[in-house]
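Please look over the sequence and the model below, and then work through the questions that come after them.

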Amino acid sequence: MQGCIHSFQSLGTVDGPGVRAVVFMQGCPLPCACCHNPDTWECREADATDHAELAQRILRLYPYIKDGGVTFSGGECMLYPDYIAELASLCSGYKTHVMTAHTHVVWNNDFSASDGVVHHNSGAVCGTWWW
């Protein structure tokens, strides 16, 4: 399974609790005036990354992120709900806290809290809908 990845931060301390791997997804349907990452809006095929390859990259960091986890941000990470669910599944045996930071503009009703992913609505926090 492929997902468009903008960038990968190996030891983030801002995007969720603890030390985390942060995956910035590429693509977003909103041109928010307050966006911290406008360079993530366009999705390019050149950014496509296989989910198993990304899982290996994340799990190499396990000794450092075991008390933190993984955050999927963007762009709009919920453009890729199946990709994120698959990655969460691959990381689940490691008891890794997986969180999404998204705007709820794109949502998949099949993607729920039972999938082991904590959802964080960053759109309301940054004021996306008020611009």
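The questions and answers below move from the whole chain to single residues.

Q: What pattern does the protein chain follow when read along the sequence?
A: This is a predicted model, in which local features need pLDDT of at least 70 and side-chain atom pairs count only at pLDDT 80 or more, while totals for chains, interfaces and linings use all residues. Residues are numbered from 1 along each chain as its sequence is written, and side-chain values use heavy atoms, with hydrogens and water left out. The protein chain has four helices and six strands, taken as DSSP runs (helices H or I of at least four residues, strands E of at least two) and numbered from the N terminus. Read along the sequence, the pattern is β-β-β-α-α-β-α-β-β-α.

Q: Why is strand 4 largely enclosed by the rest of the structure?
A: Buried here means under 20% relative accessible area, with exposed over 50% and partly exposed in between (1.4 Å probe, protein chains only). Of the 131 residues in the protein chain, 43% are buried. Strand 4 covers residues 69-73 and is largely enclosed because the buried residues in it number five of the five.

Q: Which residue of strand 4 is the bridge partner of Val 23?
A: Strand 2 (residues 20-25) runs parallel to strand 4 in a pairing of five bridges, where two strands pair if DSSP finds at least two bridges between them. Within strand 4, the bridge partner of Val 23 is Phe 72.

Q: How far from Val 23 is the C-alpha atom of Cys 77?
A: Cys 77 lies in the loop between strand 4 and helix 3, and its relative accessible area of 0% makes it buried. Cys 77 and Val 23 are 54 residues apart along the chain, yet the distance between their C-alpha atoms is 8.9 Å.

Q: At roughly what angle do the axes of helix 1 and helix 3 cross?
A: Axes are lines fitted to C-alpha atoms, for helices over the stretch in contact, and angles run from 0 to 180 degrees between N-to-C directions. Helix 1 (residues 51-59) and helix 3 (residues 81-91) have axes that come within 10 Å of each other, and the crossing angle is roughly 45°.

Q: Which residues is His 51 in contact with, leaving aside its neighbours within four places in sequence?
A: His 51 belongs to helix 1 and, at 14% relative accessibility, counts as buried. With contact taken as heavy atoms within 4.5 Å, and leaving aside neighbours within four places in sequence, the partners of His 51 are Met 1, Tyr 83, Glu 86, Leu 87 and Leu 90.
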